[in-house]
Amino acid sequence: MHVKILFFCLFICTINGSAQKVISAFSTIEKITIDGNLDEKDWSTAQTIEDFVQFKPHPGLASTQRTQVKLMYDKDALYVAAICYDSAEHISNVLCDRDDFNANIDNFQIILDTYNDDQNGFSFGVSSMGVQYDSKLTATSESVELNMVWSSAVKRTENGWELEMRIPYSAIRFPKKEIQNWGINFYRQICRNREEATWSPIKPDLENWLVQSGDATGIKGIEPPLRLAFMPYISAYADHFPTGAANQSEWSGSFNGGMDIKLGLNEAFTLDMTLVPDFGQVVFDNQVLNVSPFEIQFNENRQFFTEGTELFNKSGLFYSRRIGIQSPYEVLSTNLNQNEYLTNTPSSSKLYNATKLSGRTKSGLGIGVFNGITAEQYSTAINSITGAERQIVSSPLTNYNVVVLDQNLQNNSSITLTNTNVMREGLFYDANVTGLNTKINSKNNKYFVAGSSSLSNKFSSQNVSTGYNFGVSSGKQSGNFIASGSYFEESHTFDPNDLGFNSNNNKRIFETSIAYRIFKPFWKLNQFSSNLNLSYNRLYKPNVYTATYINWNNFILLKKFHAAGIRMNGSLTESFDYFEPRKEGMFFTRPTWLDLGAWFSSNYQKKFALDFGFSYTFIGRENWTEFEYNVSPRFRLSDKMFLVYEFVQNYSFNGQGYAVAFSEPAIVTDAVVFGSRDRFNTTNTINFRYTLTNRMSATFRLRHYRSSISYNSFFNLNQDGSLTPNSLTGMDVNGVSAYNTNFNAFTIDLVYRWVFLPGSEINIVWKNAIFSSDELVTASYFNNLTRMFDYQPSNSFSIKVLYWLDYQSLKRKSAKQD
């Protein structure tokens, strides 16, 4: 029967002029033991497929090593077996963390598109050392944050290495119907050759892998199971925070407990809930000294907000750090009186609970609903004139909500509607943003047309503020030559920052880009690409010219797998910056500039590798120069130990910008004050990883960031954007510079992780931090380091135990006992 289905599918593919590959899954009732030994009888009966094709480094050529794959299923799970032929001495012995498959890892993966919509899928992989990998795939992205519970085993043989996987149906989603029609592909990386190959050929010029999948047939009579899992946790903390108060203990402790719940509402939709979550073990942010007029965007490191959020992020309107971490200053300052400023603002507010509902219907409609509630947060308000202090609510009890509707269309096209809503208790304002995005691809995915539009509203007792943006673009997106053109407009009142992130609004941008890419090896190169981008910029209001920028980037990958690039970025004309003055109607005239840079990255397969880069910026204003360089050696000390050191320095001499005061200046003026300043930034980072087993590892991360700013002279900004010297000395009321600053951020994250059972783990974490600021801008690096350590660090020691309870596993255990 399976042979008939196979030949029928091959016949259909032939008459349609397509070379789409087909694998027939074998139905088994035999007990399959996941041990890496393919000794069950049904493995010899299942269809064997091979003939893998490279897409790197030689697209279209046969894989250099033979790979055989078999596929079976029963009423509970999908089973995969693979024989990866290779010489024993050439197989990688490198251990890594889960989901961290790098250039030194031999691995095999299965890619599933269970709805066969070419836009959503899953990937499950295992390395030659038994480390697991899983991810959620979309047409344009891959997210490894989604850790699913499944089993695998690897065995070394004289012919290479063999593997078995068992993927329970509770780990994936598929339609409820008698006969399944899944897209499928198989992938193998052979690291010593830097080779990546797949069973169904992949075109390197087409971003979407799912649309290039083969077909899995023969899967029938299976039912989507009840997907229900509980993940209770307990955690304990011992924290040391220096207070300097003799009568106040610097040590504190806490004991926490909570739970995550995953519930499959039907075969397609999943409800994720976190109750009283604990994010205390999340790694430190890369803090920097910010003197720009724009907020800094940080990465989200909380697992609940990185796992399974692809649908919520599709329109770019959801910035999850707004929930409990990064409230807009407009909210924090709501209760401030005149001449008051905030201090002692907590780094985060307590998250009571958060819920995600997501899935996709049979008609291809993706639905996502997110809701989270945070507790109120208190800060200290200080009057800068009288010194009086008072406690205020800086962030109230708040409800955050996101709703997404995403409809798949033909040819990997889609249209997406997103709404974000924030409701706050009391006199604080509420906010709502609605966005519509669409992308239409041609039949062969070679060309595209895209559009987007968003409307923001902020509601308070006094008024309603409304803003909008919209954009259109089109172009050619596959092949060696690609090109696109776009227009984007955003009003000066558009503000999505209550649950999104937008560094600045008020803009009109005309942009065009062209690129040429070569994917097949030639001469001494494996790959080459060159991209040229030109953008013309204006304000939305007033509708005036601001800048014209050019960006040219080039990339090469050598036959020895060393990589390099050169770039040229610049402003073709003087530009007019309406944001730097921090005052409406004023602008600063920036000179023309040209930045030239280059970088080199040696082959990561070697035990020692080196990354380095540099850039120099030519600026068309006397004595204003900037340059940067970075060096990062990488040491593979053994198959279990890996060390990366990174050193980055950038310099700006006589740079001109708004004078940011760090204390109260002795002389206060109504003029917009700019300064000529020197700025030096130094960042040292050490990352060390010791992977003990395929389920146990320890990581150490140390980062020291130092930024010093020293002002040389001060100016008044004129109405025409020019600068006029003034007589300010820059001193504060205590005779110390109000503008010079020397900032340090020193952080350590030490994490031990043991996955003692699938989905269950123990984490032991030490976090250490020093954040200091003084006026010693001329101190040498090591003198500064010594002085920084005079500050007392904060320390946090914690242990967290997470246990996975799966309904299907409990059901099977109960049935065995009966």
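Visitor: Which residues do ring pairs link into a cluster?

Guide: Happy to show you, bearing in mind that this is a predicted model. The cluster is made up of Y468, F470, Y487, F510, Y536, Y540, Y545, F576, Y578 and F587, joined through ring pairs. Across the structure there are 48 aromatic pairs. One of them brings together F55 and Y187: their ring centres lie 6.4 Å apart and the planes meet at 45°, so this pair is tilted, falling between the 30 and 60 degree limits. F55 belongs to strand β3 (residues 53-56) and Y187 to strand β12 (residues 182-190), so the pair links distant parts of the chain, 132 residues apart. Both F55 and Y187 are buried.

F55 has another partner to show you, W209. This pair is edge-to-face, with 5.1 Å from centre to centre and 80° between the planes. Because F55 lies in strand β3 while W209 lies in the loop between β13 (195-198) and β14 (214-217), the pair ties together parts 154 residues apart in sequence. The burial of these two partners is worth a look as well: F55 has a relative accessible area of 5% and is buried, whereas W209, at 29% relative accessibility, counts as partly exposed.

K356 lies over the face of F304, 4.2 Å from the ring centre. Over the ring of F448 you will find the charged end of K439, at 5.2 Å from the centre.

Terms used
Residues are numbered from 1 along each chain as its sequence is written. This is a predicted model: local features need pLDDT of at least 70, side-chain atom pairs count only at pLDDT 80 or more; totals for chains, interfaces and linings use all residues. Side-chain values use heavy atoms; hydrogens and water are left out. Rings of Phe, Tyr and Trp (its six-membered ring) pair if their centres lie within 6.5 Å; planes under 30 degrees apart count as stacked, over 60 as edge-to-face and the rest as tilted. Helices (H or I, at least four residues) and strands (E, at least two) are DSSP runs, numbered from the N terminus. Buried means under 20% relative accessible area, exposed over 50%, partly exposed in between (1.4 Å probe, protein chains only). A charge sits over a ring if NZ of Lys or CZ of Arg is within 6 Å of the ring centre and within 35 degrees of the ring normal.
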